[in-house]
Number of protein chains: 2
Amino acid sequence: MEKIPSEIMAQVAGYFQVLSEPTRLHILNLLQEGERSVGEIAQRCGYTAANISRHLSLMTKHGLLERRRQGTTVYYRIADPSVYALCELVCGNLARRLLQAAQVPQAWRQDAPSMEHPGEP
Amino acid sequence: MEKIPSEIMAQVAGYFQVLSEPTRLHILNLLQEGERSVGEIAQRCGYTAANISRHLSLMTKHGLLERRRQGTTVYYRIADPSVYALCELVCGNLARRLLQAAQVPQAWRQDAPSMEHPGEP
DNA sequence: ACACTAGTTGACTATTTAGTCAAACGATTA
DNA sequence: TAATCGTTTGACTAAATAGTCAACTAGTGT
């Protein structure tokens, strides 16, 4: 198997980390509607503009968003639509997992009292 | 556009967070070879077994890995191969981004002669 | 110049988390 | 039973980070 340099590993981890924050996912979700201003995003997310501005700037730095200034207002938009493919993959995984957890015997469940797999070879 | 409940948002963010750590990506990468014991993973990652055990247990809790005990040894394996699809999507994004930004620094180009990793111990 | 509006950034706090060592645990073997 | 090996977990430290407020920057209009 190929050895992956740790610098690359860190880059990939960094990209995932951008997506590992509910507020940022919320922003991405409402930017699906199209370009939006910092103020509107802040208002709809229920956080200060300062906070949202940091999130937007982080995502822009990582290439997920693009920035456009018009007068005193700054608009952000999706630069990398493939993010949504990532999100859908994850949602698929979670959905499968939830369905599976709903059907599996309780003793196998993660949060059940500790017990080794009973029928394992 | 549809409003996504914040609980779901947190779940998705949590899944991405599992993948946002270089050590965990390293583990996933070497588990592509197949099932491995905690001790071997720890040795090859260069961390203590305690540390690796925490990472493994986190990934198992999130459904990425599965655990099997044989005697005193515990083996972990990939439970959700679709993780690799996620990683490849991200790698694709990064590659595109690097090429695009690489008008200037020729040393970063993929076809350029190999470059030292300055931050490596 | 001045005031007004929208966004960004410095400084700080509270929370989370990767990593370590040491102790506990669980399975095997003497 | 005791000894031992591999793994897990409790307690702790150091570093990262989401969020806030306040100060600052940058356009627009009077």
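**Notebook: chain B and its interface with chain A**

I began with the hairpin of S2(B) and S3(B), where two residues lie between the strands and B:Gly71 takes a positive phi near 70 degrees. Helices (H or I, at least four residues) and strands (E, at least two) are DSSP runs, numbered from the N terminus.

The model is predicted, so I note that local features need pLDDT of at least 70, that side-chain atom pairs count only at pLDDT 80 or more, and that totals for chains, interfaces and linings use all residues. Residues are numbered from 1 along each chain as its sequence is written, chains are lettered from A and ligands numbered from 1 in the order in which they are written, and side-chain values use heavy atoms, without hydrogens and water.

I then looked up the strand pairing (at least two DSSP bridges between two strands). S2(B) and S3(B) pair in the antiparallel sense over six bridges. B:Gln70 stands opposite B:Thr73 in S3(B). I also found S1(B) (residues 36-37) joined to S3(B) (residues 73-78) by two bridges, again antiparallel. B:Arg36 has B:Tyr76 as its bridge partner in S3(B).

Next I turned to the interface. I found 42 residues of chain B in contact with 42 residues of chain A, contact meaning heavy atoms within 4.5 Å. The largest share of the side of chain B that touches chain A, 11 residues, comes from H5(B). I recorded that this side divides into 18 nonpolar, 12 polar and 12 charged residues, with Gly counted as polar.
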